[in-house]
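Here are my notes on this entry, point by point. Please read them with the model open.

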Amino acid sequence: MTTETESILQVAQQARQAALVCQTLSSQQKDRTLLAVREALAEQRAEILAANQSDLRQAEALCEQGKLDKVLLKRLDLSGSGKFDTLLAGIDQLRTLPDPVGRVTLATELAADGLELYRVTCPIGVICVIFESRPDALVQIGTLGLKSANAVVLKGGREATATNQALTAAMRLGVERTLGARYANALQLVTTRAEIAELLKLDQYLDLVVPRGSQSLVRYIKANTTVPVLGHADGLCACYIDKDADPDKAVRIVVDSKTQYPAACNALETLICHRLAMERGVLEQVAQALWKQNVEIRADEDAFAHLQKVLVSTRNQDTKQKLLRRATAEDWDTEFLDYILAVKIVESMDEAISHINEHGSHHTDCIITEDVNTAECFLAAVDAAGVYHNASTRFADGFRYGFGSEVGISTNRIHARGPVGLEGLVTYKYRLYGAGHTVAEFAAGSRQFTHRAIPARWRPEWFALNQQQQQQQLQQQQQQQHASASDGKS
Ligand SMILES: NC(=O)C1=CN([C@@H]2O[C@H](COP(=O)(O)OP(=O)(O)OC[C@H]3O[C@@H](n4cnc5c(N)ncnc54)[C@H](OP(=O)(O)O)[C@@H]3O)[C@@H](O)[C@H]2O)C=CC1
Ligand SMILES: N[C@@H](CCC(=O)OP(=O)(O)O)C(=O)O
């Protein structure tokens, strides 16, 4: 066994042990831990931002050498526009959300005199999440993991390695201060692709892998592990302007979807316009607004002919060429993540739906129309995690959905789809409460099933024992800490 394999095995084993102890934590303990994590991050702000500056300097050098795209710098930068405070505020918000663990989703009396079945939510276990060079994602995913009592093994993009190490150290410190070192192992960081390759083999320790990134990343992970995979892949999002679209709404929605943050997976990549809407001048208004933001339009033949006439008044030949080009076949399948938009004209909504279902990535798609029935048909027929009527595709986000934050946006169909928040991080177990009941009695007919729904009430004794045990554990830890502190002094 190589040293690397050994250390990854240790990471996975420690995460499994931490997951086992975390599942018995009470809501109060988890929220106290989140508060301590927030405090530790705030305390170590200067160190974290210094690590981030060092990552940024290296990334800038790569950009200058043409080895890295400039849009990635914005993602990586943790110091800009109140990002660090937003990150702390996100933890505060998460603390106010209800505990996703221990919710009763089914309550049935199986038989009279106390045979009761409950379906109760519980953590998934150990989740490995691989994500882009976005340090704030590490905090969001890590804190979602703590609140849902899962252990997480995190791997961010290589450009963010120093920042991720500093953030993880602070977060682990917060957990350790509240619950002890064993629990801090619920937050693990790995930094290389080689470590991920080793982890993917450890299906006895991992319960779920979440690859958040390009389609090729998700395909690679699926092909190389037997652990269940919840893919968070690319967003080839489309917007359809119907013949009954309101022009003002079309302009607002398309511009926001394309330009509010073009590098995000929920940004718009394809615009489909009904011919009648184009003839009513809606496409022209949308194009003018996009051009003001320097968006290049890659148009099919019909849209090109129409928009070329609009551009005639533009004197500068270079601007004309930059703003309007003919689309190639490849453009319909490209996630530009940039100020570029493919535009297509259709004769009907059915044609638009077929295009989206064939070329889209089943992430988030939108219809702009004033006709409610048309909208309902579109929402039912488009096969995506998010289907929107008259709203920007940029709304596809855990925070905006009110989930506190997100692990990412699942493009899988099961077990979670769209923005994955706390609910996507739990599964359930069945709890059966009996009083010496046996199946033989039912088989012999001396007892009858009632299968009666009962109130989904919480039985306090479920966790009472755990809380007692937890209290004892805490006291023991405090005694140990006190003893080692006294040893240190003597
Ligand atoms: N659905 C969603 O929630 C989201 C999707 N995205 C999508 O992500 C893409 C852009 O992000 P980008 O950073 O370029 O994505 P990449 O897929 O290139 O990288 C994302 C992460 O995956 C890792 N990775 C990539 N290939 C492998 C591999 N073979 N083995 C192990 N790790 C691997 C990277 O590691 P390393 O840095 O070490 O190479 C990085 O940590 C876009 O398609 C965007 O739509 C982005 C954000 C959210
Ligand atoms: N869902 C979030 C995250 C977007 C995102 O992950 O962007 P990026 O990491 O730049 O691909 C949002 O809408 O802002």
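**Notes on the model**

1. Start with one residue pair. Glutamate 109 has glutamate 116 as its bridge partner in β2. The two strands involved are β1 (residues 104-111) and β2 (residues 115-123). They run antiparallel and are joined by six bridges. Keep in mind that this is a predicted model.

2. Next, the sheet around that pair. The strand order is β16-β2-β1-β17, four strands in an open sheet with antiparallel pairing. The edges are held by β16 (426-433) and β17 (452-453). Each has a single partner strand, so one side of each is left without a neighbour in the sheet.

3. Overall figures for the chain. The protein chain has 490 residues, and 42% of them count as buried. Its secondary structure comes to 19 helices and 17 strands. The C-alpha trace spans about 80 × 70 × 40 Å along its principal axes. Take the contacts between residues at least 6 apart in sequence: 73% of them join residues at least 24 apart.

4. Strand β3 (residues 126-130) deserves a look. Five of its five residues are buried, so β3 is largely enclosed by the rest of the structure. Val126, Cys128 and Ile130 point one way. Ile127 and Val129 point the other way. In a regular strand, side chains alternate between the two faces of the sheet.

5. What pairs with β3? Strand β4 (residues 151-155) runs parallel to β3, with five bridges between them. Strand β6 (residues 208-211) is also parallel to β3, joined by four bridges.

6. Domains. The assignment gives domain 1 (3-232 + 416-427) and domain 2 (237-401). Their C-alpha centres lie 34 Å apart. Seven residues of domain 1 are in contact with eight residues of domain 2. On the domain 1 side, α4 (71-76) and β15 (418-420) are the elements that give two or more residues. β15 gives the most, with three residues. By class, that side of domain 1 has three nonpolar, two polar and two charged residues.

7. Where does ligand 2 lie relative to domain 1 and domain 2? Both domains give residues to its shell, so ligand 2 lies between them. The surrounding residues are Arg75, Glu132, Arg134, Tyr261, Ala263, Ala264, Cys265, Asn266, Arg394 and Asp397. The shell divides into four nonpolar, one polar and five charged residues.

8. Ligand 1 has 23 residues around it. Which come nearest? They are Gly213, Ser214, Asp234, Cys265 and Gly408. Cys265 is also one of the residues that surround ligand 2. Three elements, α9 (193-199), α10 (215-223) and β14 (408-410), each supply at least two residues of the ligand 1 shell. By class, this shell has eight nonpolar, eight polar and seven charged residues.

9. One is the antiparallel pair β1 and β2. Another is β3, with its five buried residues.

Definitions and conventions. Residues are numbered from 1 along each chain as its sequence is written. Chains are lettered from A and ligands numbered from 1 in the order in which they are written. A residue is near a molecule or strand if its C-beta atom, placed from the backbone, lies within 6 Å of it. Ala, Val, Leu, Ile, Met, Phe, Trp, Tyr, Cys and Pro count as nonpolar, Asp, Glu, Lys and Arg as charged, and the others, Gly among them, as polar. Domain bounds come from an automatic or database domain assignment. A residue is buried if 20 or more other C-beta atoms lie within 10 Å of its own, exposed if 12 or fewer, and partly exposed in between; C-beta atoms are placed from the backbone. Two strands pair if DSSP finds at least two bridges between them. Two residues are in contact if their C-beta atoms, placed from the backbone, lie within 7 Å.
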